[in-house]
Amino acid sequence: MGRNTRKRRSSMATKAVAASAALALGGGGLIWANFYASAHESNSSGQNETKAANAAVQVATISCPDVGQKLTSVPNGAKQGVATELANLDKQITEAYARLASTRQAQAGDSGFVQNAIVGPLKEKRAATIDRIRINIQRSGGQFDNSLSQLAACTTQAANNTTAGQQNGGQQQGGQQQNGGQQQGGQQQNGGQQNNGGQQQNGGQNNGGQQQGGQQQGGNGGQGGNGPVASDFVDITKVQANVKGKPGKNGQASNGTFTVSCGVNANKNFNTDNVIVAPGVTNGAHHTHDYVGNQKINAFSSNNTFLQGGTSCSNKSDLSSYYWPVLRLQNGTKEFDQNRDGGGKEGNVGKILTAQQAEIKYVGSPKSKVVAMPQFLRIITGDAKTTTNGLANANAHWSCTGFENKVQLTEQYPICPQGSKVVRSFAFQSCWDGKNIDSANHRSHVAFADANGNCQNGFKAIPQLTMRLIYSVPAPVIQNGQVKNAYAVDGFPEQLHKPSTDHDDFISITKNGLANKIANCVNNGQRCQ
């Protein structure tokens, strides 16, 4: 409801794969995303799967349907129980992935090992968990969609997958169609096939280090064994410009901006929870978040406690929570979470980088005035599971200072030239259904404007939250198909640290009429802070 209806002509085949230096440095894998309007839209799961592992087909990761994204309605009395069971599904996948990563020798000797010892048992656990979701919903008087029971089965994705990036009539490159237009940027064009030049293990490079429990120990620059890989990086100076203009404004446009200053999380307010998607569940995110704004957000926070959290924002009426996965330099540094869930135990390793700048700004609509955000509105932009979900909800934007108006990347991390810094940008959904502060799948209550900047299906324009995070990152180097000095965003371990999994979370919490002040400032064309 209220979503952009543009369709990609073919599914995104996940690039869990190549370590080709020529491909990485040649550019490509780009997609155009209207930074000010919409995320990627598709009805395809984007999965490219193989059902068995053997010596020739090295399995990289576990691919499971995302049950939470399929939920359309959950009764109030069932919300906590359902959230807990959805978190259990995530935990089951991470445990299965860890087993996958620690049994390479057994897989090489038995082509049925992955199916019999990992994927089969995982299906049984998921089936039982989905049934508990059904019971929770029905006990509270809700209707359960029985088709969700068919989502128990998982498959695997192969490391030497050669179908990623297949082109569709010459219009698709890098696994994603660019909104009906051709996409270039130096992408390798060889039927879309990628040549690894060697077997890839566990979604990361095996460079003489032993793999233990899903982590690679030594010999690989401190990487956790689950990515990123060389093809996840591109020299931004070799990428063709791909940024298009913003929608034109009309006489009803809301031209103002409201800037908030909330710091960069210099006080290291971290946790691996996610109160939006997994309330009441410790380590519900399975990766570490930076938090600015509200200082007491964790899995056990609620609408009743949000206003007690204090804030890092200079405007003390802004107790909103702004949080995003940390960025790490995979240089072998043993961080505080090296041996903890969500950190090193789940493949999120290396030095946590603090942004040098965190610019947070609310902007208006090019087509209408905006209404104030409701108290406790929750918005998630992007998708932490694009490696298995596909790019339908991807909204990652990677670039470098000096290149932001020319190049925005979603499927690759930029290698910035000397003197340029890495930039992560986010533009949140700017249309609201006018009723709900959240939804069962945490998406349906908000939407992106269409390509012309209009809200559809009765949705109302709200101030659009935009964020720009700037980092000083040593430039990665590609040598012999391997990436040295890699950096990566934290993520679920089975997502292989792909750039497209970047995402951002927000809960609107204000007092003293701040939400109305933001809307009025934007509507009146002012520049406020």
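**D273 and the residues it touches, away from its own stretch of sequence.** Leaving aside neighbours within four places in sequence, D273 is in contact (heavy atoms within 4.5 Å) with V281, T282, N283, G284, A285, H289, Y291, N298 and A299. This is a predicted model, in which local features need pLDDT of at least 70 and side-chain atom pairs count only at pLDDT 80 or more, while totals for chains, interfaces and linings use all residues. Residues are numbered from 1 along each chain as its sequence is written, and side-chain values use heavy atoms, with hydrogens and water left out. D273 sits in the loop between β9 (270-271) and β10 (289-293); strands are DSSP runs of E with at least two residues, helices are runs of H or I with at least four, and both are numbered from the N terminus. D273 counts as buried because its relative accessibility is 8%, where buried means under 20% relative accessible area, exposed over 50%, and partly exposed in between (1.4 Å probe, protein chains only).

**A closer look at the side chain of D273 and two backbone nitrogens.** One of its polar atoms lies 2.9 Å from the backbone nitrogen of N283. The side chain of D273 also reaches the backbone nitrogen of A299, at 3.0 Å. Such polar contacts are pairs of N or O atoms within 3.5 Å; within protein, one must be able to donate a hydrogen and the other to accept it, and residues adjacent in sequence count only if both atoms are side-chain atoms. While you're here, find T288: D273 and T288 are 15 residues apart in sequence and 7.7 Å apart in space, C-alpha to C-alpha.

**N441, a buried residue in a loop.** Look for N441 between β19 (431-432) and β20 (446-447). Its relative accessibility is 11%, so N441 counts as buried. A polar atom of the N441 side chain is 2.9 Å from the backbone nitrogen of R443. Beyond four places in sequence, N441 is in contact with G68, Q69 and L71.

**The largest cavity, about 530 Å³ in volume.** The structure holds four cavities of 30 Å³ or more. On a 1 Å grid over the protein atoms alone, a cavity is a set of points where a 1.4 Å probe fits but cannot get out, and lining residues have an atom within 4 Å of a point. Grid points are joined across faces, edges and corners, and a volume is the space filled by probe spheres set on the points. The largest cavity has 35 lining residues, with D66, Q69, D90, V277 and K385 nearest its centre. Two or more lining residues come from each of α2 (67-70), α3 (79-101), β15 (378-382), α6 (386-389) and β26 (503-507). The largest share belongs to α3, with five residues.

**Helix α7 (residues 514-523), largely enclosed by the rest of the structure.** That description holds because seven of its ten residues are buried. The buried ones are L514, A515, I518, A519, C521, V522 and N523. Among the elements covering them are β8 (257-260), β14 (357-363) and β27 (527-528). After α7 comes G525, with a positive phi near 70°.

Most residues other than glycine have a negative phi, and most peptide bonds are trans. P228 is in the loop between β6 (215-217) and β7 (233-235). Find N485 in the loop between β24 (482-484) and β25 (487-489), where it is partly exposed at 30% relative accessible area. With a relative accessible area of 56%, N512 is exposed.

**Residues 1-38 and 40-56, where pLDDT is under 50.** pLDDT is the predictor's confidence in each residue, from 0 to 100. The protein chain averages 82, and 77% of the residues score at least 70. Over residues 1-38 the pLDDT is below 50, though this stretch has 174 contacts in the model beyond near neighbours in sequence. Residues 40-56 stay under 50 as well, with 69 contacts beyond four places in sequence. Where pLDDT is low, the predicted coordinates should not be read in detail.

Methods. 1 Å grid on protein atoms, 1.4 Å probe; cavity = no way out; pocket = protein on both sides within 12 Å on 5 of 7 lines; lining within 4 Å.
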